[in-house]
Amino acid sequence: MENSPVIIAGAGIGGLALALTLHQIGVSCRVVESVAELKPLGVGINLQPNAVRELMALGISTAELDAIGLQTKEWALVGLNGKDIYSEPRGLQAGYSWPQYSLHRGELQMLLLRLFLERIGPGSLLLGHKVTGFAQRDETVVVNLETKEGHRSELMGTLLIGADGLHSQVRAQM
């Protein structure tokens, strides 16, 4: 199946970053997400310098990351009296070539979503469709989808990648 896309189950940080990477190397993809609308949900996370390096390789700038987070300069264990018990530098201050960031995971997901829509286009994002299973047919993978209303459909591609979270149907089937 020529020009058949890679199908990514899940539009979280992993799925969107993978889609941007595939697009960057010229591989077409479609991202399927079970929720009908992506919102900046979650908690604070730390992006280690190696993760920041990968984001920057996707063309994400320091300014874009600075807009959604803070460059982490130090990790510290502080006592009840407010005095440092132990501390160590992080990111650039620790000698890495890339910074470390503390940010909200939802804001990072929204940044990746914006870049996905700009670079790949909204036609490659299928919201409101949960991956319920898959089957391999020769060189094609057939992905079974279902909406909240119970409408079922299929999507065909060359490869299915499960980035659909803790309750992954892709992982469960494997």
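Mentor: A helix here is a DSSP run of H or I over at least four residues, and helices are numbered from the N terminus. Ile68 lies in one of them, helix α3. Keep in mind that this is a predicted model.

Trainee: What does Ile68 contact, leaving aside its neighbours within four places in sequence?

Mentor: Its partners are Leu103, His104, Glu107, Leu108 and Leu111. Contact means heavy atoms within 4.5 Å, so each of these residues meets that cut-off with Ile68. Arg90 is another matter: Ile68 and Arg90 are 22 residues apart in sequence and 18 Å apart in space, C-alpha to C-alpha.

Trainee: Which residues does Leu108 touch, not counting those up to four places away in sequence?

Mentor: Leu108 touches Ile13, Ile45, Leu47, Leu55, Ile68 and Leu103.

Trainee: What makes a group of residues a nonpolar core?

Mentor: Its members are buried residues of the listed nonpolar types, joined through side-chain atoms within 4.5 Å. The largest such core has 29 residues. Leu65, Leu108, Leu112 and Phe116 have the most contacts inside it. Several elements give two or more residues, among them β1 (6-9), α1 (13-24), β2 (29-33) and α2 (49-57). The largest share, 7 residues, comes from α4. A second, separate core has 11 residues, including Ala9, Val32, Leu145 and Val170.

Trainee: Why would nonpolar side chains sit together?

Mentor: In soluble globular proteins, they tend to be buried together.

Trainee: How do you know that β3 and β7 pair?

Mentor: Count the bridges. Pairing takes at least two, and β3 and β7 have 4, so they qualify. The sense is antiparallel. One example is Asn46, whose bridge partner in β7 is Ser102.

Trainee: Why is Gly128 called buried?

Mentor: Its relative accessibility is 16%. The cut-off for buried is under 20%, so Gly128 passes. Gly128 sits in the loop between β8 (125-127) and β9. Not counting residues up to four places away in sequence, Gly128 touches Glu33, Ser34, Val35, Ala36, Glu146, Thr147 and Lys148.

Trainee: Is Asp138 buried or exposed, and how do you know?

Mentor: Its relative accessible area is 73%. Exposed means over 50%, so Asp138 is exposed. Asp138 is in the loop between β9 and β10 (140-146).

Trainee: What is its phi?

Mentor: The phi of Asp138 is positive, about 55°, although Asp138 is not a glycine.

Trainee: What makes a residue part of a pocket lining, and which are closest to the centre of the largest pocket?

Mentor: A lining residue has an atom within 4 Å of a pocket point. For the largest pocket, 26 residues line it, and Gly10, Ala11, Glu33, Ser34 and Asp164 are the closest to its centre. The volume is about 480 Å³.

Trainee: Which element gives the most to that lining?

Mentor: α1 does, with 3 residues. α1, β2, α4 and β9 (130-137) each supply at least two.

How values were computed: Residues numbered from 1 in each chain as written. Predicted model: local features only at pLDDT ≥ 70, side-chain atom pairs only at ≥ 80, totals over all residues. Heavy atoms only, no water. Buried < 20%, exposed > 50% of the residue type's maximum accessible area, 1.4 Å probe, protein only. 1 Å grid on protein atoms, 1.4 Å probe; cavity = no way out; pocket = protein on both sides within 12 Å on 5 of 7 lines; lining within 4 Å. Points joined across faces, edges and corners; volume = space filled by probe spheres on them.
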